[in-house]
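Hi,

Here is the structure I promised to pass on. Have a look at it first, and then read on for what turned up.

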Amino acid sequence: MQKMGKQKNKTASFSFWNWVIASIIFRLILIYFPKNLNLASRPEVSTPLTSFRRLAEGYWLKQLSMSPYAGSMYHGSPLLLSLLGPLTVKRIEGQPNHLLYSLVSVIADVVSAILIRATGKNLRLAYLRSLESLDIVKQTKASGEFFKILSPGDAAALIYLWNPFTIVACVGLSTSPIENMAVILCLYGACSRLVPLAAFGWVIATHLSLYPAILIIPVIFLLGCGPDAPPRKLFLQKNDKEEVLNKSKLPLGFSWRPITHFAFWALLWSAYVLVLCGISLKQFGGLWEMFKSTYGFILTVEDLSPNIGVLWYFFAEVFDFFRNFFLIVFHVNILFMIMPLAIRLNHRPCFLAFVYIAIFSMLKSYPSVGDSALYLGLLGWFVNELADIQFSFFLFCGYVGVSLLSPVMHTLWIWRGTGNANFYFATAMVYACLQIILVVEGVSAMLNHDRKLRNLTTSKPQDAKS
């Protein structure tokens with residue numbers, strides 16, 4: 001039996017790496033396509049914060065000894081200018097333009113998939129240990145809880161790699177793969193208890209996009225309590241039922257020591273990033289210029305060019321007198337959801353991170369398909385727990401429909417002149433509704449899964465067998 005298990009693991013690992021290599025080859029084929037299918041100009045792929053063209057513009061201005069934020073074109077990190085800027089001008093004779101930059105995006109996607117897979121394995125091991133502590137492993141096997149074709153880590157990694165949104169963001173020369181890699185690095189470090197790595201990922205992700213700052217709550221839960229597990233009260237009920245307090249079967253209590261280490265490393269990495277940014281912008285206004293042109297640009301929603309979000313249309317229609325009020329409403333709306341979800345899902349920090357990422361991907365100022373690719377990939381971690389999610393077929397068809405209709409509506413509006421902004425905004429509204437349904441039904445399915453575990457824990461062994 002052990003030999004059979006090892007052979008299955010080797011076969012699954014071999015097939016996983018085959019799919020990874022195939023995804024790399026597929027990306028390279030699309031990169032060598034004429035003009036990369038012109039994806040870099042699509043508003044669903046490139047935003048004012050992730051656009052390759054704006055990155056090249058900022059680097060060009062910096063090379064001319066001008067502020068990269070002059071002209072209101074570039075609004076990204078000055079570190080990206082230093083790292084990726086040179087790749088926007090380098091050419092290899094006989095090769096597609098921006099090949100080196102595209103290769104960086106491909107590497108970022110592969111690294112992200114590997115980190116997703118490793119984190120999924122850690123989550124799975126922690127989950128199995130929790131089920132063994134509750135003595136309900138056999139019952140969950142009987143009820144089909146295990147994903148038998150691929151492990152959740154492999155499934156999540158392959159979903160991320162082969163998601164059309166991920167591929168489009170990579171081939172479309174967006175900086176989203178870099179941002180996603182920083183978020184995944186943060187979650188991997190926290191799940192593996194690698195505090196410096198978790199702090200580095202969180203600082204870089206927040207520096208690049210601001211919204212990942214709210215991920216500090218699931219990171220704290222991961223470092224303080226460990227990976228996702230059933231609610232702690234189930235373990236206490238199990239011990240009360242046995243009338244013997246077995247501390248070895250209880251989950252670890254909250255520990256503040258790794259939290260203090262995380263705070264120290266976060267402050268250290270933040271200071272290091274700010275020093276590097278200050279040196280890079282020493283001649284162009286310093287850090288204040290960066291804060292105003294990056295985070296200020298995100299919070300004030302200055303650019304109203306169309307995207308797959310809903311804020312551009314709303315602020316194009318609202319009166320200027322009410323603009324500041326609704327800016328506060330939209331941004332505080334994200335903050336209002338943080339604490340209730342944290343209280344309800346504190347025992348599942350990785351799932352909480354998935355919910356947070358889905359929420360700010362929907363409500364952020366300048367969303368793109370690269371943001372959706374991230375949370376859809378992380379959804380693969382919970383293929384067992386969310387097996388009973390409702391409207392899954394409807395959601396799948398909805399995402400496919402929006403992906404096809406959005407470019408059509410944009411073309412009818414901008415290029416053909418046979419439509420108007422309402423055509424394109426309608427697809428953005430449907431897209432937002434689909435994300436809302438996914439979050440609501442996902443949370444509901446996870447809570448139902450916890451109720452099933454509670455019923456298995458409190459029921460008698462005879463009942464579980466029957």
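Arg193 sits in the loop between helix H8 (176–191) and H9. This is a predicted model, and in it the phi of Arg193 is near 60 degrees, a positive value in a residue that is not glycine. Most residues other than glycine have a negative phi, which is what made me stop at this one. With a relative accessibility of 39%, Arg193 counts as partly exposed.

Val301 also has a positive phi, of about 50 degrees, although it is not a glycine. You will find Val301 in the loop between helix H14 (295–300) and helix H15 (311–317). Buried or exposed, which is Val301? It is buried, because its relative accessibility is 1% and the cut-off for buried is under 20%.

Now for the helices. The chain has 22 helices and zero strands. Of its 466 residues, 53% are buried. Among contacts with a separation of 6 or more, 76% are between residues 24 or more positions apart.

The crossing of H9 past H12 is right-handed. On the H9 side, the contact is made by Val195, Pro196, Ala198, Ala199, Phe200, Trp202, Val203, Ile204 and His207. On the H12 side, it is made by Pro258, His261, Phe262, Trp265, Ala266, Trp269, Ser270, Val273 and Cys277. Sorted by class, the contact of H9 with H12 holds 15 nonpolar residues, three polar ones and no charged ones.

Thr206 is in helix H9 as well. Its relative accessibility is 15%, so Thr206 counts as buried. Apart from neighbours within four places in sequence, Thr206 is in contact with Pro212, Ala213 and Tyr295.

How many residues of helix H19 (residues 369–378) are buried? The count is 10 of the 10, so H19 is largely enclosed by the rest of the structure. The buried residues of H19 are Val369, Gly370, Asp371, Ser372, Ala373, Leu374, Tyr375, Leu376, Gly377 and Leu378, with Asp371 included in that list.

Leu405 belongs to helix H20 (residues 392–416). At 43% relative accessibility, Leu405 counts as partly exposed.

Last, the cysteines. Searching the whole structure turns up zero disulfides. Cys191 is buried, with a relative accessible area of 7%. Cys397, on the other hand, counts as partly exposed, at 34% relative accessibility.

Happy to go through any of this with you.

Best wishes

Methods
Residues numbered from 1 in each chain as written. Predicted model: local features only at pLDDT ≥ 70, side-chain atom pairs only at ≥ 80, totals over all residues. Heavy atoms only, no water. Disulfide = S-S within 2.5 Å. Buried < 20%, exposed > 50% of the residue type's maximum accessible area, 1.4 Å probe, protein only. Left-handed = near helix turned anticlockwise from the far one by under 90°. Helix = DSSP H or I, 4+ residues; strand = E, 2+ residues; numbered from the N terminus. Contact = heavy atoms within 4.5 Å. Nonpolar A, V, L, I, M, F, W, Y, C, P; charged D, E, K, R; others polar.
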